[in-house]
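Subject: Handing over a structure, with notes on what was found

Dear colleague,

I am passing this structure on to you, and I would be grateful if you could look through it alongside the notes below. They start with one convention and then go from the chain as a whole to its individual parts.

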Amino acid sequence: MSLINYFSDYANLCFEAFGDRVKHWITFSDPRAHAQVWHSYNTTWRSRQQGLVGISLNCDWGEPLDIRNPKDIEAAERYLQFCLGWFANPIYAGDYPQVMKDSIGRKSAEQGLETSRLPVFTVQEKSYIRGTSDFLGLGHFTTRYITERNYSSRQGPSYQNDRDVVELVDPHWPDLGSKWLYSVPWGFRRLLNFAQTQYVNPPMYVTENGASQKSDCTQLCDQWRIQYLKGYINEMLKEPLLSHMQMVTETVVPTVCALCILTAAVLLVLLLRRWS
């Protein structure tokens, strides 16, 4: 039995146990597993429970280092497709982004492989996966400037080598405590615009966003976090983005507590079934 089937069984147990109260469901970033769960809900549970099943994907915005340089523009597009498109494109278009197929296929051949390291969807799989999302969840935190760098295929297969990009930051961007996190609100707006255009205006939830705790702050001193959230929320609400996008007006932040409660409830249901 495959992990996809295990996940589908788990999801159906959750639908059965909590579907009368839970109306928004988020799967995980495997297009085949996600599609199977969506179809299961659509066939068995939707008419009774009237809920929605979507996927949540995390992606930073990639801005070309030099907007006049076609190579940097292509690199930034490649960065986004390897990040968001990797999982979203099969669901909204039925296949991996063409730039991923071209890049990984070429590097696989250079590494002496007979076939690409990127899996190939069958015609039936493409049809089965395409259109299987009632909403798109986006997790977003920061932005990078992107420029091209050609990595040798001899370095071996890796996500970094396949993308052929370098990520840079502006030293003037506000530092929020974590080494990787900088406040760049305009990047959030551009990512939303990208998703809107790329995936034909899907309903969207902001499923993850926020700023980390600064190590030197032990009291209630959240000014940097207030500014971060204010900047990012304002970018989401600006025209014309708001008027042309079906944006869900809430920010969903899953908590460890909620996940623990859900896991405990599922385990309890399993135990009760075994005892009965």
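Predicted model: local features only at pLDDT ≥ 70, side-chain atom pairs only at ≥ 80, totals over all residues.

The chain as a whole

The protein chain has nine helices and eight strands, and of its 276 residues 45% are buried. Among the contacts between residues at least 6 apart in sequence, 71% join residues that are at least 24 apart.

Helix 3 and its two partners

Helix 3 packs against helix 4, which covers residues 98-110, at an angle of about 110 degrees, and the two axes are 9 Å apart. Because that angle falls between 65 and 115 degrees, helix 3 and helix 4 are roughly perpendicular to each other. On the side of helix 3 the contact involves Arg-78, Gln-81, Phe-82 and Trp-86, which meet Val-99, Met-100, Ser-103 and Ile-104 of helix 4. Sorted by class, the contact of helix 3 with helix 4 has five nonpolar, two polar and one charged residues.

Helix 3, which runs over residues 70-93, also meets helix 7, residues 185-198, where the axes come within 12 Å and cross at roughly 55 degrees. Helix 3 and helix 7 are therefore oblique to each other, and their crossing is right-handed. Glu-77, Leu-80, Gln-81, Leu-84 and Asn-89 make this contact from helix 3, while Leu-191, Phe-194, Ala-195 and Gln-198 make it from helix 7. The residues of the contact of helix 3 with helix 7 divide into five nonpolar, three polar and one charged. You will see that Gln-81 of helix 3 takes part in the contact with helix 4 and in the contact with helix 7.

Helix 7 and what follows

Helix 7 has 14 residues and reaches 20 Å from its first C-alpha to its last, close to the 20 Å expected at 1.5 Å a residue. Its buried residues are Gly-187, Phe-188, Arg-189, Leu-191, Leu-192, Phe-194, Ala-195 and Gln-196; of these, Leu-191, Phe-194 and Ala-195 also belong to the contact with helix 3.

Helix 7 is followed by Val-200, which lies in the loop between helix 7 and strand 7 (204-208). Most residues other than glycine have a negative phi, whereas Val-200, although not a glycine, has a positive phi of about 60 degrees. With a relative accessible area of 70%, Val-200 is exposed.

Asp-164 lies in the loop between helix 6 (159-163) and strand 6, and at 4% relative accessibility Asp-164 counts as buried.

Glu-167 is found in strand 6 itself, which covers residues 165-168, and at 35% relative accessibility Glu-167 counts as partly exposed. Leaving aside its neighbours within four places in sequence, Glu-167 is in contact with Tyr-79, Arg-144, Tyr-145 and Ile-146. The C-alpha atoms of Glu-167 and Thr-143, which are 24 residues apart along the chain, are separated by 9.3 Å.

The buried residues of helix 1 are Phe-7, Ser-8, Ala-11, Asn-12, Leu-13, Cys-14, Phe-15 and Phe-18.

The axes of helix 1 and helix 2, the latter covering residues 31-49, come within 9 Å and cross at roughly 25 degrees. Helix 1 and helix 2 are therefore roughly parallel to each other, and the crossing is right-handed. From helix 1 the contact is made by Ile-4, Asn-5, Phe-7, Ser-8, Ala-11, Asn-12, Phe-15 and Glu-16, and from helix 2 by Arg-32, Ala-33, Gln-36, Val-37, Ser-40, Tyr-41, Trp-45 and Gln-49. By class, the residues of this contact of helix 1 with helix 2 divide into eight nonpolar, six polar and two charged.

Key
Residues numbered from 1 in each chain as written. Heavy atoms only, no water. Buried < 20%, exposed > 50% of the residue type's maximum accessible area, 1.4 Å probe, protein only. Helix = DSSP H or I, 4+ residues; strand = E, 2+ residues; numbered from the N terminus. Axes fitted to C-alpha atoms, helices over the stretch in contact; angles between N-to-C directions. Parallel < 35°, antiparallel > 145°, perpendicular 65-115°, else oblique. Left-handed = near helix turned anticlockwise from the far one by under 90°. Contact = heavy atoms within 4.5 Å. Nonpolar A, V, L, I, M, F, W, Y, C, P; charged D, E, K, R; others polar. Expected span 1.5 Å × (residues − 1).
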